[in-house]
Amino acid sequence: MVGLKKKSGDDVKKVFHILDKDKSGFIEEDELGSILKGFSADARDLSAKETKTLMAAGDKDGDGKIGVE
């Protein structure tokens with residue numbers, strides 16, 4: 001939610017759907033690794049450690065993916 005706390009629920013959902021590259025309804029670890037590139041073409045991929053840390057912060061039910069809620 002970094003940078004999204006002041007956004008509406010609809011805005012958060014729009015960002016989620018942009019990051020959900022395979023349109024599965026979830027953001028999986030491979031999609032999360034390239035999250036920075038979704039915001040800037042010259043951005044880097046997250047390291048494996050950064051990706052796992054971010055996944056752990058967003059994966060509230062421990063299923064290995066992040067849902068829109």
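Leaving aside its neighbours within four places in sequence, Glu31 is in contact (heavy atoms within 4.5 Å) with Leu19, Asp20, Lys21, Asp22 and Phe26. This is a predicted model, in which local features need pLDDT of at least 70 and side-chain atom pairs count only at pLDDT 80 or more, while totals for chains, interfaces and linings use all residues. Residues are numbered from 1 along each chain as its sequence is written, and side-chain values use heavy atoms, with hydrogens and water left out.

Let's stay with Glu31 for a moment. Glu31 sits in helix α2, residues 29–33; helices (H or I, at least four residues) and strands (E, at least two) are DSSP runs, numbered from the N terminus. The unreviewed UniProt entry places Glu31 in a "binding site" annotation, together with Asp20, Asp22, Ser24, Phe26, Asp59, Asp61, Asp63 and Lys65. From this set, the lining of the largest cavity takes in Glu31. Such annotations may be inferred rather than shown by experiment.

Beyond four places in sequence, Asp22 touches Glu28 and Glu31. Its side chain also makes a polar contact with the side chain of Ser24 at 3.0 Å; this term means a pair of N or O atoms within 3.5 Å, one able to donate a hydrogen and the other to accept it, and residues adjacent in sequence count only if both atoms are side-chain atoms.

| Residue | Relative accessible area | Class |
|---|---|---|
| Glu31 | 7% | buried |
| Asp22 | 48% | partly exposed |
| Lys60 | 73% | exposed |

Lys60 belongs to the loop between α3 (48–58) and β2 (65–67). A polar atom of the Lys60 side chain lies 2.9 Å from the backbone oxygen of Ala57.

The largest nonpolar core has 8 residues: Phe16, Leu19, Ile27, Leu32, Ile35, Leu46, Met55 and Ile66. Such a core is a set of buried Ala, Val, Leu, Ile, Met, Phe, Trp, Tyr and Cys residues joined through side-chain atoms within 4.5 Å. Among the contacts of Ile66 beyond four places in sequence are Phe16, Ile27, Leu32 and Met55.

How values were computed: On a 1 Å grid over the protein atoms alone, a cavity is a set of points where a 1.4 Å probe fits but cannot get out, and a pocket is an open set with protein on both sides within 12 Å along at least five of seven lines; lining residues have an atom within 4 Å of a point. Buried means under 20% relative accessible area, exposed over 50%, partly exposed in between (1.4 Å probe, protein chains only).
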